[in-house]
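Please examine the sequence and the three-dimensional structure shown below. The report then describes the protein chain as a whole and some of its helices.

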Amino acid sequence: MGEKEEEIQEIHDLPEFSWEERSLHLLETSKLDEDFAKIKRPRKGGKKHRVRCMSRPMAVPEVIIELQDPVGRESALRCLSAFLLEKRLEDLENYNRTGHLLLHSCCTMALLLQELVSFFRMMVTQIPTIRASKRLANVLTLYQCIAANKETRLEFINTCVPNLLQPLILFETPLEVFENVRAVALSVIGILCQAGDPIIIQWAVNSDMVEICCTCIAMGNELTKVVGMHILEAIMQDESGLWYVCSPESDHLLQKIMTTLEHLGKNLAVDEDPSPRLLFHIIRCHFMLCYDMRGYRIVTEKLPKQISNGYFLDIVEDFPLIRDLLEEVLLIVNRVYDYLPENLDDVLYHHSNVQGEIETRSHHTNALCNSHQPKLMHDQIVCS
């Protein structure tokens, strides 16, 4: 068998990456989520697959050119997707180089857009198939690569392609596998927002990504919920994003976030096997809202009872990070005596340091609200 035939055969033999590898694991801040998930579902061992067909120096440009062939496009998409999922950590230089090639090579973005339009047509005329959904996931993996590159992400936003992902994210279908495709589409937005670029955060705010994330958290599976909460947190980590969420003009939005978190907490409370990572993100969102005075007031009024009354004590004791974050939130909103941790003196001492940081951040955020011309800034919040 010749070298070309071997490459073609390997394309068909490429393994299926897990949906978490395709979405959540591409977010820089997802390491904690991976640790939480490993406790619940230990990862099976196995030899890591190597994409040998992409090992030659010119293989990536050649496969990108093959996208122009309608017959071979599906195989080319799958091969590129597998290559990017494998190389994103071990070979960042080639990963970023591929993002450049995808965005700037002739007709490539138009061809990927054509794939989106084809799926949109299927959304209207029929129920999408599993094969079509997986093909779309491969297209989204290419978009993830462009979004992850700091030199191409702004150009990517200017193409308006990320806005075209909104119908995919909000699409409802009985096809179970599409829930995971929804998470992959949402992760493209998450990768853009996690960079903390003020321009991107402003784009996300103007594109109603907060509302979209709340909807996805309410309707999606666990993976979709986690990715959606990552985006909410990325927006609230930016002072302008937090100002938008907590401003009086967006009171309906703040109420929607609190309602979404409350419902999620109630569902988690009745779950026989509650997810630690979902609990972590629920608490973290409340913590971030406390950096604004209006956010602090509504968290004080509407912090879910399931969070403050020790209902998740078993999970909290198993994960010190969740415990520490929960204790901070309860101290901030003066609910710590409902929870009464054994190490209350240590918690109070640690809280005095965190409270100073919150008061400083709150002062800056409310200064933005009063200025009528909010200055876009990025300030990474440390949760513990």
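The structure is a predicted model. Its protein chain has 384 residues, of which 55% count as buried. The secondary structure consists of 24 helices and 0 strands.

| Helix | Residues |
|---|---|
| H7 | residues 108-125 |
| H15 | residues 222-237 |
| H16 | residues 239-246 |

Helix H7 contains 18 residues; at 1.5 Å a residue it should span 26 Å, and because its end C-alpha atoms are 26 Å apart, the two values agree. The buried residues of H7 are Thr108, Met109, Leu111, Leu112, Glu115, Leu116, Phe119, Met122 and Met123.

Helices H15 and H16 pack against each other at an angle of about 105 degrees, and their axes are 5 Å apart. Angles of 65 to 115 degrees count as roughly perpendicular, and H15 and H16 are therefore roughly perpendicular to each other. On the side of H15, the contact is made by Ile235, Met236 and Gln237, while H16 contributes Glu239, Gly241, Leu242 and Val245. By residue type, this contact of H15 with H16 comprises 4 nonpolar, 2 polar and 1 charged residues.

Notes. Residues are numbered from 1 along each chain as its sequence is written. This is a predicted model: local features need pLDDT of at least 70, side-chain atom pairs count only at pLDDT 80 or more; totals for chains, interfaces and linings use all residues. Side-chain values use heavy atoms; hydrogens and water are left out. Axes are lines fitted to C-alpha atoms, for helices over the stretch in contact, and angles run from 0 to 180 degrees between N-to-C directions. Helices (H or I, at least four residues) and strands (E, at least two) are DSSP runs, numbered from the N terminus. Angles under 35 degrees count as roughly parallel, over 145 as roughly antiparallel, 65 to 115 as roughly perpendicular and the rest as oblique. Contact means heavy atoms within 4.5 Å. Ala, Val, Leu, Ile, Met, Phe, Trp, Tyr, Cys and Pro count as nonpolar, Asp, Glu, Lys and Arg as charged, and the others, Gly among them, as polar. Buried means under 20% relative accessible area, exposed over 50%, partly exposed in between (1.4 Å probe, protein chains only). The expected span of a helix is 1.5 Å times one less than its number of residues.
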